[in-house]
Amino acid sequence: MSNDADLLTSPLHDRHVALGAKMADFGGWLMPIEYPGGGVVAEHTAVRERVGIFDVSHLGKARVSGPGAAAYVNACFTNDLGRIEAGKAQYTMCCDENGGVVDDLIQYLRSDEDVFLIPNAANTATVCELLQASAPEGVNVENLHSAYGIIAVQGTKSDEVLDGLGLPTGHDYMSFAETEWDGLPVIVCRTGYTGERGYELVPMWANSGALWDALAAAIADFGGMPCGLGARDTLRTEMGYPLHGNDLSREITPVMAGSAWAVGWDKPAFWGKEALAAQRAAKTSRLMRGLLVTGRGIPRAGCAVLDAEGTAVGQVTSGTFSPTLKQGIALAQMDRSVAMGSEVSIDVRGRGVAAQVTKPPFVEVQVREG
């Protein structure tokens, strides 16, 4: 068990404590899981129906710059930066030589010589070290983890909240604007991890508190609330978005996770390409599937999935109670022989819980709407 004194804290830590948030270790950071007066279900519902704000400053920040920086990043990570232009962001993965996922991250293309990266908290140092190890002369890799905060504004009223603060809204999904708020620099990107329309704001570390306070005041007019990482997890699971360490890992490749769409297969090279291409061609690996619980029980990571004969055909990688559907849902690695729509059983603490194999997302949202 981690000692709280040994954990890193976000620039908003004191505000969370003042609000009475339940705090816990997340990727080596002491972060809010839920807030009193709300709780996971209420916070989840606020995002689906109105708006919520999340402190996600534990996410990493890094920069690759210099002549040929974008080309270098493109030769390392799976997705193809050639598919986007400056001012756009893109989901991608950093893989090892066996095709395993070291991390999944967002890359912001500023120019051919400047790429800003948002890795996962615990993986930031590893991603930076891998990039630094093979960077060509003139390309600089900086770990900026504690230079910036990140605040996610998510929900149907997110545009109205940002409009009230004079921040840019309405730009295309997965695009970003570099602007100022109250004379302070901030990046505003149409991204998020909830499935709802929303934005992620990247202010400087020292400016994060003032921006959080302004957002907290603004969302109150729309029935919004601060939300913890508990609600962030239920929201992302309803969308079928993978969590690194559960649904993506060194053992679960992009092919297995259903993330092959984020691989630039036609690129000359990227880390792990040969292994991933071989796995894709073999068509023998397990694949990610959704499980909609029809019985009584909440699946959790590690639960076995059994067919009608009681044979193990998969394993849950993420499972939770869906506040929207009011039933259990899960993501699982499943044998390819298991057909979509099949009835299976999930072993929850020794008790079989009925479920149906389906394709996420589990709920309908309008995240890409203009």
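View 1. Lys88 lies in strand 6, residues 88–95 (helices, H or I with at least four residues, and strands, E with at least two, are DSSP runs numbered from the N terminus). This is a predicted model, where local features need pLDDT of at least 70, side-chain atom pairs count only at pLDDT 80 or more, and totals for chains, interfaces and linings use all residues. Residues are numbered from 1 along each chain as its sequence is written, and side-chain values use heavy atoms, with hydrogens and water left out. The side chains of Lys88 and Asp172 are joined by a polar contact of 3.4 Å (a pair of N or O atoms within 3.5 Å; within protein, one must be able to donate a hydrogen and the other to accept it, and residues adjacent in sequence count only if both atoms are side-chain atoms). Skipping neighbours within four places in sequence, Lys88 is also in contact with residues including Tyr108, Met174 and Phe176 (contact means heavy atoms within 4.5 Å).

View 2. Rings of Phe, Tyr and Trp (its six-membered ring) pair if their centres lie within 6.5 Å; planes under 30 degrees apart count as stacked, over 60 as edge-to-face and the rest as tilted. By this rule there are seven aromatic pairs.

**View 3. Two tyrosines, stacked.** The ring centres of Tyr193 and Tyr241 are 6.1 Å apart and the planes sit at 20 degrees, so this pair counts as stacked. Tyr193 is in the loop between strand 12 (184–189) and strand 13 (198–203), while Tyr241 is in the loop between helix 7 (229–239) and helix 8 (273–282), so the pair ties together parts that are 48 residues apart in sequence. Tyr193 is buried, with a relative accessible area of 19%, and Tyr241 is buried with 19% too (buried means under 20% relative accessible area, exposed over 50%, partly exposed in between; 1.4 Å probe, protein chains only).

**View 4. Charges over rings.** Arg280 puts its charged end over the ring of Trp265, 4.3 Å from the centre. Arg190 does likewise with Tyr199, at 5.8 Å (NZ of Lys or CZ of Arg must be within 6 Å of the ring centre and within 35 degrees of the ring normal).

**View 5. Thr234, tucked away.** Thr234 lies in helix 7 and is buried, with a relative accessible area of 5%. A 2.8 Å polar contact links its side chain to that of His44.
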